[in-house]
Amino acid sequence: MSADMMSTSGTGNGMLGFFSSFFYPRRLPASGPQPAIYRRLLKSALAGGAYYSGLLDLYIQFRDRCPAQNRLFMVGYHAVVEESGREIEAGMMPQQLISRSLFERELDQIGAQFDFLSIDQAVDFLEGKIHLKRDSIVLTFDDGYRSIYDHAYPILKRKGVPAVFYLCTDYVGTSRLFDHDRLFYLIRKAVQGSLPIETLLLQRGIPIDPNGLIASGSPLEITRRLLEICSKTELEAFMRLLQEKLDVQETDFPSEAAMVGWEAVETMAREGMTFGSHTASHCLLTQVDPKAVLEELRLSKAALEARLQRKIDHLAYPDGRTSPYVIEAARACGYRSACTTSHAVNKVGGDRYLLGREQFWENSALGWASNCSKAMVASQIKGLFKTR
Ligand SMILES: [Zn+2]
């Protein structure tokens with residue numbers, strides 16, 4: 001079962017199921033996933049009530065069967081950019097972006113309520129080697145955008161906050177962009193320009209999605225669907241066709257999608273930041289053959305170790321997707337931990353290869369007045385609106 005599937009499974013019915021479907025609607029508006037104001041108001045009111053009444057912790061203890069004050073949570077970011085609205089307009093996926101100013105405010109909110117741990121300390125805790133003084137957090141960054149060095153690292157360094165950065169070694173230090181970033185940019189432009197996406201897919205021999213997502217979905221939904229159904233070759237051919245039809249030049253893609261360089265990575269590693277693998281090519285490990293899984297995990301680990309001259313122990317599955325085979329492969333390749341994108345409170349003795357993580361982006365923890373709310377930050381981290 002993939003981590004994405006796991007994240008939407010759990011109880012899945014009753015009130016929790018209702019909350020989940022209400023707060024995480026399947027269909028996102030075409031302009032992006034910014035929640036409607038009424039949804040944010042209700043979410044904010046629930047989070048405030050749960051947080052300030054003390055019910056939040058009672059609920060989490062009951063749901064996750066985990067005593068308070070000794071729990072490990074993980075928070076996942078992608079790109080920290082100057083101003084997220086501008087990047088969204090430029091064509092980056094909103095869920096990957098947080099503005100530098102909000103990121104800094106969130107760090108302060110998190111630091112006021114949790115202790116920050118490095119990923120190595122976190123794994124020591126899970127193995128029962130150290131004890132926590134209070135609920136703790138590991139900050140993670142996936143994909144390795146250049147902004148982790150330009151915007152996230154200076155703030156982390158100034159505040160003395162540790163973090164782990166999961167990199168795709170085929171991309172670090174290159175001018176390549178991820179397929180998901182290229183595709184989202186092109187699909188968004190195609191939808192804006194009313195380009196017949198289904199007809200173009202048929203021209204490339206890619207069958208039309210029977211549930212109609214491609215005909216009527218948002219750019220984000222269409223991008224996700226195509227990444228699932230297309231092979232790498234099909235995707236590349238389709239993107240070439242879109243690029244040609246839309247007259248998009250390489251320099252038109254958002255500069256924020258650019259990758260971090262090796263020198264920046266070395267600097268950050270020297271200053272105490274941790275690096276892990278996010279595979280070599282960012283392939284979905286549940287969709288490639290077993291040999292490719294092993295290669296992705298081995299080669300990315302070896303490339304990072306050769307470059308940074310230190311052992312690489314930690315992995316983040318692309319898109320959080322994993323399976324029993326992938327977990328076995330991660331263990332066999334010598335990783336100490338691997339994280340998903342599903343909610344879970346990480347406890348002593350828990351599975352180090354299924355670490356739970358909450359994904360954060362610009363709108364994920366905004367309160368009713370579009371501020372960074374302490375109650376919303378705590379509620380998001382503790383998974384108040386999740387079904388497991
Ligand atoms: Zn990723």
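Predicted model: local features only at pLDDT ≥ 70, side-chain atom pairs only at ≥ 80, totals over all residues.
**Entry 1: a crossing**

I started with two helices, α9 and α12, and noted that they cross in a right-handed way. On the α9 side I listed D179, H180, L183, F184, I187, R188 and V191, and across from them P219, I222, T223, L226 and L227 of α12. Sorting the residues of this contact by type, I got eight nonpolar, two polar and two charged.

Then I looked up the geometry. Helix α9 runs over residues 179-192 and helix α12 over residues 219-229; their axes come within 9 Å and cross at roughly 135°. Angles over 145 degrees would count as roughly antiparallel, so I put α9 and α12 down as oblique to each other.

I stayed in α9 and picked Y185. Is Y185 buried or exposed? I found 26 C-beta neighbours inside 10 Å, so Y185 goes down as buried; the cut-off for that is 20 or more.

Which residues does Y185 touch, leaving out those up to four places away in sequence? My list reads G91, F253 and P254.

**Entry 2: another helix pair**

Next I turned to helix α6 (residues 100-113) and helix α8 (residues 147-159). I read off a packing angle of about 30° and a distance of 10 Å between the axes. Angles under 35 degrees count as roughly parallel, so that is how I describe α6 and α8. Their crossing is right-handed.

I wrote down who meets whom: R100, F103, E104 and L107 from α6, against H151, A152, I155 and K159 from α8. By type, the residues of this contact come out as four nonpolar, one polar and three charged.

**Entry 3: just past α8**

I moved on to V161, in the loop between α8 and β6. I counted 17 other C-beta atoms within 10 Å of V161, so I call this residue partly exposed; buried would take 20 or more.

Leaving out residues up to four places away in sequence, I have V161 touching L107, F116, L139 and L156. L107 was already in my notes, as one of the α6 residues that meet α8. I also looked up the spacing between V161 and V138: they are 23 residues apart along the chain, with 9.5 Å between their C-alpha atoms.

**Entry 4: one side of α7**

Helix α7 covers residues 119-126, and I wanted its buried residues: they are I119, A122, V123, F125 and L126. Why do they share a side of α7? They span an arc of only 155° around the axis, and that places them on the same side of the helix.

What do these buried residues pack against? I found strands in every case: β1 (72-77), β5 (136-143), β6 (164-167), β7 (274-277), β8 (314-316) and β9 (337-339). After α7 comes G128, and I noted its positive phi, near 80°.

**Entry 5: the whole protein**

Last, I stepped back for the totals. I have 17 helices and 10 strands in the secondary structure. The protein has 388 residues, and 44% of them are buried.

I looked at contacts too. Of those with a separation of 6 or more, 71% join residues 24 or more positions apart.

How values were computed
Residues numbered from 1 in each chain as written. Buried ≥ 20, exposed ≤ 12 C-beta atoms within 10 Å, placed from the backbone. Helix = DSSP H or I, 4+ residues; strand = E, 2+ residues; numbered from the N terminus. Arc of directions from axis to C-beta. Contact = placed C-beta atoms within 7 Å. Axes fitted to C-alpha atoms, helices over the stretch in contact; angles between N-to-C directions. Parallel < 35°, antiparallel > 145°, perpendicular 65-115°, else oblique. Left-handed = near helix turned anticlockwise from the far one by under 90°. Nonpolar A, V, L, I, M, F, W, Y, C, P; charged D, E, K, R; others polar.
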